Amino acid sequence: MKKWKIAAAAACLCFLCTVAYAANAGSAGSSADPLITLSYLNGTFAKQVQTMVDESVAARKTEMEQALDKLIAGGGSQSGTTAGSGSVFAVVTLSQGQTLVGDVGCEVMLRIGAAVCGSADSVGLIDTTGGVNLPGGGALVTNHLYMVTISTRSVTAASDTVKLLVRGPYTIS
């Protein structure tokens, strides 16, 4: 009788081990089991990654739009203030007699009106379009790109309204 009880206990133990193995094997690919199936990759995981990418792109887009708005808003300058950006042209409007003083590297293009170069000597602005030096008192040519190579060089409005495209740091007085 004792052998029969041991045999029955061994059979029950084998049955329980088989059931436990089958239950464990049935949950393969779940979040508790590190086995990854193709359906998990194509379904759940791909959707999670796409959601994270979309959120990241939306956040970056918002940051870039805010930065662009700041650049656009800060493009102009009021009297005596510093403005300008190293990478974006800004439209600057001057009234007659107002002067734009550019820092070294500042680029200026006359679009509307008349303006003259301000310089105490013969070295004024560099006309990069014509490849020549514009001396102090010389008139700027419309649609020519000028570069400031000495920080005290300026552009003074000679007509009622002057519109310039300016890239780089400058002040208006």
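Analyst: Contact here means that heavy atoms lie within 4.5 Å. This is a predicted model in which local features need pLDDT of at least 70 and side-chain atom pairs count only at pLDDT 80 or more, while totals for chains, interfaces and linings use all residues. Residues are numbered from 1 along each chain as its sequence is written, and side-chain values use heavy atoms, with hydrogens and water left out.

User: Which secondary structure elements does the protein chain have, and in what order do they run?

Analyst: Helices (H or I, at least four residues) and strands (E, at least two) are DSSP runs, numbered from the N terminus. The protein chain has two helices and 11 strands; from the N terminus, the order is α-α-β-β-β-β-β-β-β-β-β-β-β. Of the contacts in the chain with a separation of 6 or more, 72% join residues 24 or more positions apart.

User: How do the strands of the open sheet pair?

Analyst: Two strands pair if DSSP finds at least two bridges between them. Here six strands form an open, antiparallel sheet in the order β2-β10-β4-β8-β6-β7. Strands β2 and β7 are its edges, each pairing on one side only. On average, neighbouring strands are turned by 35° against each other, direction ignored; the axes are lines fitted to C-alpha atoms, and angles run from 0 to 180 degrees between N-to-C directions. Six bridges join β2 to β10 (residues 161-167), with Ala90 partnered by Val166.

User: Does Glu107 count as buried or exposed, and why?

Analyst: Glu107 counts as buried because its relative accessibility is 12%. Glu107 belongs to strand β4 (residues 107-112). Leaving out residues up to four places away in sequence, Glu107 touches Phe89, Leu145, Tyr146, Met147, Leu165, Val166 and Arg167.

User: What joins the side chains of Glu107 and Arg167?

Analyst: A polar contact is a pair of N or O atoms within 3.5 Å; within protein, one must be able to donate a hydrogen and the other to accept it, and residues adjacent in sequence count only if both atoms are side-chain atoms. The side chains of Glu107 and Arg167 form one of 2.7 Å.

Note on methods: Buried means under 20% relative accessible area, exposed over 50%, partly exposed in between (1.4 Å probe, protein chains only).
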